[in-house]
Amino acid sequence: MSGIGPVEPGEDTRVREAPPPRPRGRLARACARHRRAVLVCGAALLALAGGGYLYASRPQPSPPPPPPYPSQAIDLVYGAPATGSPQPAAGAFTFVVLLSVRSGPPVTVTRLTQPYDGLSVTTSPAAPFQTNSHSARKIIVTLRVTECEKAPRNPGLPFLDVTLRNARAIEAHSFILGTRYARDLSRALEAACGRDSR
């Protein structure tokens, strides 16, 4: 043999392949033994983390708007002097107001008063009472003269103070019931106290 080159294998010889390197460490050996299970678990964890991220970052629906304040959701309208039985006592003025709830949750009237010291107020139904949305309630209000000296002489724009409550707030609100109410109240006060007693 002469020349330079690689050594060629002889007859009946084979090249042995080197065995793959063995993993070092207990965890590496366990992973090598259970390679398929480790890959499946890793893929499942990756899919779970991606799904959790997508769920957490989804667009949130906007919250519903808050219900209106109770004074913005109702109408309080003067009807007329109450007629029929029972007849009011002397020195009393009984009239009807209509409370309508236009929208939102039910509204509760917790108190109904008036600003004059010489008059007292009672209502039927007695407060507190509730009125549902999109409905109306007839309220019979009786004003009694307790002291003519403290009763108004000529109420120009008399009003009722009403405390209202709904799911959003509690409000004290004054309602001016209009010129018919002022005229009817003036007549009732004149009949109860007379012109000269004031």
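Is Y78 buried or exposed, and what is its relative accessible area? In this predicted model, Y78 is buried, with a relative accessible area of 4%.

**Aromatic pairs**

The structure contains 4 aromatic pairs. One of them joins Y78 and F95; the ring centres are 5.7 Å apart and the planes meet at 50°, so this pair counts as tilted. Y78 belongs to strand β1 (residues 74-81) and F95 to strand β2, so the pair ties together parts that are 17 residues apart in sequence. F95 is buried, with a relative accessible area of 0%.

Y78 also pairs with Y181: here the centres are 5.3 Å apart and the planes stand at 55°, so this pair is tilted as well. The link is between distant parts of the chain, since Y78 is in strand β1 and Y181 is in helix α4 (residues 179-193), 103 residues apart. Both Y78 and Y181 are buried. The two pairs are set out below.

| Pair | Distance between ring centres | Angle between planes |
|---|---|---|
| Y78 and F95 | 5.7 Å | 50° |
| Y78 and Y181 | 5.3 Å | 55° |

Together with F93, the residues Y78, F95 and Y181 form one aromatic cluster.

**The nonpolar core**

The largest nonpolar core has 26 residues, and those that touch the most other members are F93, F95, L143, V162, L177 and Y181. At least two residues of this core come from each of β1, β2, β3 (107-113), β6, β7 (159-165) and α4. The element that gives the most is β2, with 5 residues. Beyond its neighbours within four places in sequence, Y181 is in contact with Y78, F93, F95, L143, P158 and L160.

**Strand pairing**

Strand β6 (residues 135-145) pairs with strand β2 (residues 92-101) in the antiparallel sense, over 10 bridges. Within this arrangement, L99 stands opposite R137 of β6. Strand β6 also runs antiparallel to strand β4 (residues 119-124), and 6 bridges join the two. On that side, the bridge partner of S120 is R144 in β6.

**Charges over rings**

Two arginines are placed over tyrosine rings. R58 lies over the face of Y55, at 3.9 Å from the ring centre. The charged end of R168 sits over the ring of Y69, 4.0 Å from the centre of that ring.

Note on methods
Residues numbered from 1 in each chain as written. Predicted model: local features only at pLDDT ≥ 70, side-chain atom pairs only at ≥ 80, totals over all residues. Heavy atoms only, no water. Pairing = 2+ DSSP bridges. Helix = DSSP H or I, 4+ residues; strand = E, 2+ residues; numbered from the N terminus. Phe/Tyr/Trp six-rings, centres within 6.5 Å; stacked < 30°, edge-to-face > 60°. Buried < 20%, exposed > 50% of the residue type's maximum accessible area, 1.4 Å probe, protein only. Lys NZ or Arg CZ within 6 Å of the ring centre and 35° of its normal. Core = buried A, V, L, I, M, F, W, Y, C linked by side-chain atoms within 4.5 Å. Contact = heavy atoms within 4.5 Å.
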